Amino acid sequence: DPRVEQRENSYPPIDEQYRDLVQRILRVGQEKSDPQGVGNLSIHGYDFTFDLSTGKFPLLGLRNLGRGEWRAMRGELAWIMSGSTNVADLQKYGVHIWDQWVEPTKKDFPEYPEGELGPVYGKQWRMFEAGGPEPVDQLMEAMRLLRENPDSRRIVISVWNPYEINNVFISPCVRYLQFHHAQGRLGLTAIQRSADVPVGVPFDIAEYALFLMMAAKVNNMHPALLRYTLVDAHIYKDQIPMMEDLARRQSTQEPSVIIHSSPESILDFKPEHFELVDYNPNPPMKIPVAL
């Protein structure tokens, strides 16, 4: 189908789209305050589009998101889908990216058990509560609809729960997910309310690309477009020199991901089922995280 051929080849690779975002923020970003007191440059809105039907995976190559972050995104995704909100369960995958939020959470919510983060991603995906008679398992409801009514426009996971948002120290950044299916091709739109462009955005894009591949695999579909929208896209002031350096780097070829399993349920995937191949990025960067 020539229409598919044209669509598949019409989106730049992640290095080019990401460089454009960084340069745009550095050029026209406006100064804003932030809870950390660091200061940042921000723009209102940016849209990425990646076509996974090409076989390429949108993992940034302008800096190395190698073994550690590749392990972390697979582990975090498994942790979220399990419904857990305790860092001890994430640490079982050798992942410690949420450890930094344990002490602030404990300070604000001393009644929480050790390692508990409150109603963050896993709670909202698997046990969404908003005053109804019982929680909603949004993940499994989305998988049911993809099996039974894939053309539905209601295949949504809403992560922003106003009923519980004040019960967490760090609120979900990716607040909305919606699947789009047509003729065997499965797409996903993700909306991120707050986007730390140097640190979080490359990690999150790859993680939700992986989620799209998983959903397509268990429903016998082909992964297609990942549309990734940022609302408040910002670079903290202490990250600016590194981003100026990164924007000058040479782009690399996008890698691929091989899935070594065909489970019946999305919950049966394990981190070791995914292999990253042909990833040859630029050197890593140590970028400060605003805490």
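Me: At what angle do helix α2 and helix α9 pack, and how far apart are their axes?

Reply: This is a predicted model. In it, α2 (residues 14–28) and α9 (residues 240–247) pack at about 135°. Their axes lie 10 Å apart.

Me: Which residues of α2 and α9 meet?

Reply: From α2 come Tyr18, Arg19, Val22, Gln23 and Leu26. From α9 come Ile240, Met243, Glu244, Leu246 and Ala247. By class, seven of the contact residues are nonpolar, one is polar and two are charged.

Me: What makes the buried residues of α9 one face of the helix?

Reply: The buried residues are Ile240, Met242, Met243, Leu246 and Ala247. Viewed down the axis of α9, they fall within an arc of 160°, so they line one face. They pack against α2, β2 (40–51) and β6.

Me: How do you know that the buried residues of α7 line one face?

Reply: Start with the list for α7 (residues 138–148): Gln138, Leu139, Ala142, Met143, Leu145 and Leu146 are buried. Down the axis of α7, these fall within an arc of 160°, so they line one face of the helix. Arg147 and Glu148 are exposed on the other side of α7.

Me: What covers the buried residues of α7?

Reply: The cover includes helices α3 (67–82), α6 (121–126) and α8 (200–218). It also includes strands β3 (156–158), β4 (174–182) and β5 (185–196).

Me: Which residues make the contact between α3 and α8?

Reply: α3 gives Glu69, Trp70, Ala72, Met73, Arg74, Glu76, Leu77, Ile80 and Met81. α8 gives Phe203, Ala206, Glu207, Leu210, Phe211 and Met214. The contact residues divide into 11 nonpolar, no polar and four charged.

Me: Why is Asp137 called partly exposed?

Reply: Buried means under 20% relative accessible area, and exposed means over 50%. Asp137 has 24%, so it counts as partly exposed. Asp137 sits in the loop between α6 and α7. Leaving aside neighbours within four places in sequence, Asp137 contacts Trp125 and Arg126.

Me: How do you know that Trp160 is partly exposed?

Reply: The relative accessibility of Trp160 is 30%, between the 20% and 50% cut-offs, so Trp160 is partly exposed. Its place is the loop between β3 and β4. Not counting residues up to four places away in sequence, Trp160 touches Phe128, Ile165, Ser171, Pro172, Arg175 and Arg193.

Me: Why does Ser261 count as buried?

Reply: Ser261 has 18% relative accessibility, under the 20% limit, so it counts as buried. Ser261 lies in the loop between β7 (256–259) and β8. Leaving aside neighbours within four places in sequence, Ser261 is in contact with Lys217, Phe269 and His273.

Me: What is the phi value of Asp278, and where does Asp278 lie?

Reply: Asp278 has phi near 60°, again a positive value in a residue other than glycine. Asp278 lies in the segment after β8 (274–277).

Me: Why is Asp278 called exposed?

Reply: Its relative accessible area is 59%. Exposed means over 50%, so Asp278 qualifies.

Methods:
Residues are numbered from 1 along each chain as its sequence is written. This is a predicted model: local features need pLDDT of at least 70, side-chain atom pairs count only at pLDDT 80 or more; totals for chains, interfaces and linings use all residues. Side-chain values use heavy atoms; hydrogens and water are left out. Axes are lines fitted to C-alpha atoms, for helices over the stretch in contact, and angles run from 0 to 180 degrees between N-to-C directions. Helices (H or I, at least four residues) and strands (E, at least two) are DSSP runs, numbered from the N terminus. Contact means heavy atoms within 4.5 Å. Ala, Val, Leu, Ile, Met, Phe, Trp, Tyr, Cys and Pro count as nonpolar, Asp, Glu, Lys and Arg as charged, and the others, Gly among them, as polar. Buried means under 20% relative accessible area, exposed over 50%, partly exposed in between (1.4 Å probe, protein chains only). The arc is that of the directions from the helix axis to the C-beta atoms.
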